Amino acid sequence: MAAKLNDFYKQAAQEFGLAGRIKLAMLTKISSEKAEAAPDSPENIKIFQQAMAQLRAGGG
Amino acid sequence: MKISTKLIMFFCGVVTLFVLLAVALLAQTRSVSAGYDTLLARQVRQAEAARVIQVSFKKQVQEWKDILLRGHTPDDLAKYTRQFHEQQTAVSNGAETLAADMQDAECRDLLNQFVAAHKALGEKYQAAYDVYVGGSFDFKAADKEVRGKDRPPTDLFDQIVKRLNDDVAASVAAQARAVARARNLALALSGGLLAGLGLVGFVTVRTILQRLGRLKAVSDRLAKADIEGLSVDISGPDEIGQFGDSMKGVHAAIEELTKLASAAGQA
């Protein structure tokens, strides 16, 4: 299970709504469904961190 | 490697190949030209000089016969005697000059033999001339002195001319063989390089088209929102790989949108 990756989706929804989730999927290229199955590897976490930073920089 | 880089490299490869071929052809033309220049400057010139000496020697013998035939008239005697000596000097000088210029040792040796034989023949002609003039123009007595004596130097010089002509023919044949070798090498090299470039170009274009085909198939399914089981496995450092990477984002976004829409529908 990828608890940390799912947390990123929850964070995106909280901060930017549904559009934020869709943009996060677009930026990470990993949908929330696939994120659930993906490992919380350092590489994946880095990808999501960078995507979140991009979302925040762009105002969602 | 990017497609644009591949195309630029391919273009540069083609241009370089043609420049190299042009340079090689230029060098080959110069080499052929230099080979024939050398041939004309030495061997052909020497063969030509030998032919001139050969003709002069025949004229000298002819002048001797004119002396015997028409020398009973003082004017003709003076005329043909002068012409005989002119030809004799031309032959002697020509043969000595040619011997000095000759690089072929055997030919030079033949020329030296001819010069000696010609000098000895000249002395015999002079003795016969003295018999002719001193014996009331008795051409039979004079002819008896030198009859057949011009044959050995003539045969000697025929050998020289034949040898020089054979040398020229051999050099021309060698030059033709060298030209054929260079031509075959140039054809093989340019053919090989063109075939190589053609193969590289074919493989590159085929790979690009195959990957573009896969990209189009993914794009078509995304356009129809047919994302069930869709996998965007197009990667690479080139423009198609980058486009495939963007497609992965679009795919993930559509998946997310579908999931949200589905969840909203259930709620």
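This is a predicted model: local features need pLDDT of at least 70, side-chain atom pairs count only at pLDDT 80 or more; totals for chains, interfaces and linings use all residues.
Which residues in α1(A) meet α3(A)? Residues are numbered from 1 along each chain as its sequence is written, while chains are lettered from A and ligands numbered from 1 in the order in which they are written.

**Helix packing in chain A**

- From α1(A), the residues Lys4(A), Leu5(A), Phe8(A), Gln11(A), Ala12(A), Phe16(A), Gly20(A), Lys23(A), Leu24(A), Leu27(A) and Thr28(A) meet α3(A). Their partners in α3(A) include Ile45(A), Phe48(A), Met52(A) and Leu55(A). Contact here means C-beta atoms, placed from the backbone, within 7 Å; helices are DSSP runs (H or I, at least four residues), as strands are (E, at least two), numbered from the N terminus.
- The residues of this contact divide into 12 nonpolar, 5 polar and 2 charged. Ala, Val, Leu, Ile, Met, Phe, Trp, Tyr, Cys and Pro count as nonpolar, Asp, Glu, Lys and Arg as charged, and the others, Gly among them, as polar.
- Two packed helices are described by the angle between their axes and the distance between the axes. For α1(A) and α3(A) the angle is about 60 degrees and the axes are 10 Å apart. Axes are lines fitted to C-alpha atoms, for helices over the stretch in contact, and angles run from 0 to 180 degrees between N-to-C directions.
- α1(A) and α3(A) are therefore oblique to each other. Angles under 35 degrees count as roughly parallel, over 145 as roughly antiparallel, 65 to 115 as roughly perpendicular and the rest as oblique.

**A loop proline in chain A**

- Look for Pro39(A) in the loop between α2 and α3 (42-57) of chain A.
- Pro39(A) is exposed because 12 other C-beta atoms lie within 10 Å. The cut-offs are 20 or more for buried and 12 or fewer for exposed, with partly exposed in between, using C-beta atoms placed from the backbone.
- Leaving aside neighbours within four places in sequence, Pro39(A) touches Ala2(A) and Asn44(A).
- Leu5(A) is 34 residues from Pro39(A) in sequence, with 8.3 Å between their C-alpha atoms.

**Inside chain B**

- Chain B has 6 helices and 0 strands, and 18% of its 267 residues count as buried.
- Among contacts in chain B with a separation of 6 or more, 66% join residues 24 or more positions apart.
- Helix α3 (residues 105-134) of chain B has 30 residues, so at 1.5 Å a residue it should span 44 Å, in agreement with the 43 Å between its end C-alpha atoms. The expected span is 1.5 Å times one less than the number of residues.
- Buried residues of α3(B) include Leu111(B), Phe114(B), His118(B) and Tyr125(B). The buried residues of α3(B) pack against α1 (3-70), α2 (74-101), α4 (139-146) and α5 (151-223) of chain B.
- Ser136(B), which follows α3(B), has a positive phi near 55 degrees.

**Where the chains meet**

- Chain A gives 12 residues to the contact and chain B gives 10 residues. On the side of chain A that touches chain B, the largest share, 7 residues, comes from α1(A).
- The axes of α1(A) and helix α6 (residues 239-266) of chain B come within 6 Å and cross at roughly 150 degrees. The two helices, α1(A) and α6(B), are therefore roughly antiparallel to each other.
- Among the residues making this contact are Leu18(A), Ile22(A) and Met26(A) of α1(A) and Val250(B), Ala253(B) and Leu257(B) of α6(B).

How values were computed:
Two residues are in contact if their C-beta atoms, placed from the backbone, lie within 7 Å.
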